[in-house]
Amino acid sequence: MIQKILDQYCRALSVLMVISLFLMVLMVFGNVVMRYGFNSGITLSEELSRWLFVWMTFLGGVVALNERAHLGTDSLISRLPVAGQKLCLGISFVAMLLICGMIFKGSLEQVKVNWDSTSAVMETSMGYFYASGMVFAILGVPILVFNLWRLLSGQMADNELIGIRESDDMPHGDPHP
């Protein structure tokens, strides 16, 4: 049930990311055409594209967190017994929760410092730009807490204990024939 809710809000975030990417491509391409074809440009496109990119990156971090798609290495963890893998995964969840807290705190400070500063072109508070880190932390915490709870309650399968997953580009099978 909880995983379905997390998947649904990550799906909504994915839609927002697709819309952001579409707008970024449209604005940058339109600006290039305007500059080379008509010797003018859209001043808003460069700044808004940068803002959309930052927001899209943080939202993508939440989706990757839910899908456990962040980069990692399992050379040590995969050699540990199941109890060791559980311990290491639990420690990593706690560490990520602490890091989310630090990201939230740092982003909040940046929002406070930059709230009265406005962007050069859009003349919008720079606080909105830095709020992307706060949103990441707020949306990432439920995923981490849920996965930590699954681990501690024994609901996490042994094949989920290694916090990374194999890339689709990697060959499957025994790497050492």
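I began with Asn147, which I found in helix H4. I noted how helices are assigned: helices (H or I, at least four residues) and strands (E, at least two) are DSSP runs, numbered from the N terminus. Asn147 has a relative accessibility of 6% and therefore counts as buried. The cut-offs I used are under 20% relative accessible area for buried, over 50% for exposed, and partly exposed in between, with a 1.4 Å probe and protein chains only. Leaving aside residues up to four places away in sequence, I recorded that Asn147 touches Phe93 and Met156. Contact here means heavy atoms within 4.5 Å.

**Basis of the entries**

The model is predicted, so I note that local features need pLDDT of at least 70 and side-chain atom pairs count only at pLDDT 80 or more, while totals for chains, interfaces and linings use all residues. Residues are numbered from 1 along each chain as its sequence is written, and side-chain values use heavy atoms, with hydrogens and water left out.

**The chain as a whole**

I looked up the secondary structure and found four helices and zero strands in the chain. Along the sequence, the pattern reads α-α-α-α.

I then looked up the overall dimensions. The C-alpha trace spans about 65 × 45 × 30 Å along its principal axes. The radius of gyration of the chain is 21 Å, whereas a compact globule of 177 residues would have one near 16 Å. This radius is taken over C-alpha atoms, and the globule rule is 2.2 Å times the number of residues to the power 0.38.

Of the 177 residues in the chain, 32% are buried. I recorded an accessible surface of about 11,700 Å², with 68% of that surface belonging to carbon and sulfur atoms. Such areas come from the Shrake-Rupley method with a 1.4 Å probe; for residues, only the protein chains shown count as cover. Among contacts with a separation of 6 or more, 73% join residues 24 or more positions apart.

**Helices H2 and H4**

How do H2 and H4 pack, and at what angle? Two packed helices are described by the angle between their axes and the distance between the axes. For helix H2 (residues 43–67) and helix H4 (residues 127–152), I recorded an angle of about 10° and axes 9 Å apart. The axes are lines fitted to C-alpha atoms, for helices over the stretch in contact, and angles run from 0 to 180 degrees between N-to-C directions. H2 and H4 are therefore roughly parallel to each other. In this scheme, angles under 35 degrees count as roughly parallel, over 145 as roughly antiparallel, 65 to 115 as roughly perpendicular and the rest as oblique.

I listed part of the contact: on the H2 side it includes Trp51, Trp55, Phe58 and Leu65, and on the H4 side it includes Phe129, Phe136, Leu139 and Ile143. The contact residues divide into 15 nonpolar, five polar and one charged. Ala, Val, Leu, Ile, Met, Phe, Trp, Tyr, Cys and Pro count as nonpolar, Asp, Glu, Lys and Arg as charged, and the others, Gly among them, as polar.

**Another residue of H4**

I also found Ala137 in helix H4. Ala137 is buried, because its relative accessible area is 3%. Not counting residues up to four places away in sequence, Ala137 touches Cys100 and Phe104. Ala137 and Cys10 are 127 residues apart in sequence, yet 14 Å apart in space, C-alpha to C-alpha.

From Phe29 to Ala83 the separation is 54 residues in sequence and 53 Å in space, C-alpha to C-alpha.

Leu16 also lies in helix H1 and is partly exposed, at 44% relative accessible area. Leu16 and Leu59 are 43 residues apart in sequence and 8.4 Å apart in space, C-alpha to C-alpha.

In helix H3 I looked up Val82, which is partly exposed with a relative accessible area of 36%. Val82 touches Asp158 and Leu161, residues up to four places away in sequence not being counted.

**Two loop residues**

Asn39 lies in the loop between helix H1 (2–38) and H2. Its phi is positive, about 55°, although Asn39 is not a glycine. Asn39 is exposed, at 73% relative accessible area.

Glu123 lies in the loop between helix H3 (82–114) and H4. Glu123, not a glycine either, has a positive phi of about 55°.
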